[in-house]
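Colleague: I am new to this structure and would like to learn how to read it. Could we look at it together?

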Amino acid sequence: MECDEKLVRFRQAHLNPFNKQPGQGQHDQEAGDDLSCRDSLLGLSHGDPGLQCSERVMDLGLAEDHFSRPVGLFLASDVQQLRQAIEECKQVILELPEHSERQKDAVVRLIHLRLKLQELKDPSEDEPNIRVLLEHRFYKEKSKSVKQTCDKCNAIIWGLIQTWYTCTGCYYRCHSKCLNLITKPCVRSKVSHQAEYELSICPETGLDSQDYRCAECRAPISLRGVPSEARQCDYTGLYYCGNCHWNDLAIIPARAIHNWDFEPRKVSRCSMRYLALMVSRPVLKLREINPLLFNYVEELVEIRKLRQDILLMKPYFITCKEAMEARLLLQLQDRQHFVENDEMYSLQDLVDIQAGRLSCSLTEIHTLFAKHIKLDCERCQAKGFVCELCKEGDVLFPFDSHTSVCTDCSAVFHRDCYYDNSTTCPRCARLSLRKQSLFRGPSAEEQA
């Protein structure tokens with residue numbers, strides 16, 4: 001009996017928070033939700049002890065955790081702050097100098113703010129369609145049948161039962177649960193700001209310079225494989241762990257330029273994505289990097305001549321209505337730099353030259369362009385030249401193989417006539433006399 005009385009007194013002194021009336025619990029929950037919504041809109045903190053009643057203190061830690069925010073929940077002030085930040089970022093972009101690096105960074109920041117605002121405005125789904133993290137722009141994939149591998153945890157992504165995302169910039173794939181664990185920024189941001197290759201062949205500095213840690217995730221590695229195997233990237237020369245280096249193969253730009261070697265080598269995942277994004281960018285100026293390469297690779301000399309001829313044909317197409325309607329220059333839309341200069345090359349250009357594909361396709365385009373100028377279009381034919389040295393032969397064009405062009409006035413002559421003639425260019429002499437007569441005219445009228 002004495003034990004039962006003590007138990008009753010103990011129960012009365014310590015009320016069980018779960019022993020409530022049915023209506024009372026629902027009423028308290030609705031009141032708490034109203035108070036939570038009001039405090040959120042007013043910007044009040046639930047963690048402030050002055051704003052909480054004594055009943056909440058006796059809740060024995062069974063109430064909601066005020067130090068964490070559930071997934072998908074956002075406050076009204078977050079949207080307002082994002083909108084204010086977007087307006088401030090717009091003003092900063094207008095004030096910064098045009099085409100400056102700071103303005104480019106501000107534009108990237110504005111894009112990220114707008115994507116974040118769109119993500120906050122769409123809380124209807126359990127997993128948002130857009131996630132922005134470390135300059136990655138992740139979009140939720142809809143495919144359920146394709147089996148992929150997560151770039152973060154190196155595990156298989158089962159599309160039927162798992163949610164996964166893909167970065168639209170660098171095509172980084174990962175589970176939704178791995179998004180918050182990503183530490184590597186998007187490679188496309190590096191390509192946009194600093195589009196250049198490492199031109200040294202495997203610039204190794206040693207594993208001790210990395211403190212025996214992975215160059216990306218900083219996990220412990222060693223050449224003995226304990227605790228993890230050190231794998232070298234042939235592009236950067238750095239060592240990576242097995243999660244960051246999957247023994248992917250890629251063509252190394254430095255080996256292609258210096259040794260004309262196109263054998264794929266093992267590279268890390270980060271280097272593979274970077275090389276994949278850079279493969280079509282014309283950033284290689286071969287005349288400065290390795291000018292002797294043209295002496296050993298005959299195909300490069302042929303490609304350079306074809307590109308120079310196309311640049312000479314470009315003025316004809318720009319001023320020709322039929323050529324603009326036929327969109328002849330769009331034949332080179334995949335290699336836009338071919339109609340801008342004859343010096344820059346992309347790694348894909350070198351790969352196609354080595355395989356023999358570029359020479360054949362560029363020769364066909366060159367033949368099509370020459371046919372339009374010489375045979376199909378009367379306007380372009382009328383812009384041809386007659387050799388003023390011999391005054392014989394057909395109409396000449398600057399891209400013909402047997403012609404030479406004056407560097408001063410761009411007049412076209414037969415090559416043999418131009419080099420055999422010891423006098424100056426007839427057109428240059430005629431233009432010089434015309435300029436002298438124009439200057440003499442006003443002075444003679446003043447003297448009269």
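Modeller: What follows goes from the whole chain to helices, a sheet and some backbone angles. This is a predicted model, in which local features need pLDDT of at least 70, side-chain atom pairs count only at pLDDT 80 or more, and totals for chains, interfaces and linings use all residues. Residues are numbered from 1 along each chain as its sequence is written, and side-chain values use heavy atoms, with hydrogens and water left out.

Colleague: How many helices and strands are there in the chain?

Modeller: The chain has 17 helices and 14 strands. Helices (H or I, at least four residues) and strands (E, at least two) are DSSP runs, numbered from the N terminus.

Colleague: What percentage of the 448 residues counts as buried?

Modeller: Of the 448 residues, 33% are buried. Buried means under 20% relative accessible area, exposed over 50%, and partly exposed in between, with a 1.4 Å probe and protein chains only. Among contacts (heavy atoms within 4.5 Å) with a separation of 6 or more, 56% are between residues 24 or more positions apart.

Colleague: How do I read a helix, and which residues are buried in H14?

Modeller: An α-helix has 3.6 residues a turn, so residues three or four places apart point the same way. In H14, the buried residues include Leu 358, Leu 362, Ile 365, Phe 369 and Ile 373. Helix H14 covers residues 357-376 and reaches 27 Å from its first C-alpha to its last, close to the 28 Å expected. The expected span is 1.5 Å times one less than the number of residues.

Colleague: What do the buried residues of H14 pack against?

Modeller: They pack against helices H11 (298-318), H12 (321-326), H13 (347-355) and H15 (378-381). The buried residues of H13 include Leu 347, Leu 350 and Ile 353, and the partners they pack against include H7, H11 and H14. Just after H13, Gly 356 takes a positive phi of about 85°.

Colleague: How do I read a sheet, and in what order do the strands of the open sheet stand?

Modeller: Strands of a sheet pair through backbone hydrogen bonds, either parallel or antiparallel. Here 4 strands form an open sheet in the order S1-S2-S5-S6, with antiparallel pairing. S1 and S6 (173-175) stand at the edges with a single partner strand each, so one side of each has no neighbour in the sheet. From one strand to the next, the twist averages 30°. Two strands count as paired if DSSP finds at least two bridges between them; S1 (residues 130-133) and S2 (residues 136-140) are joined by 4. Across this pair, Ile 130 stands opposite Tyr 139, and Arg 131 opposite Phe 138.

Technical notes
Axes are lines fitted to C-alpha atoms, for helices over the stretch in contact, and angles run from 0 to 180 degrees between N-to-C directions.
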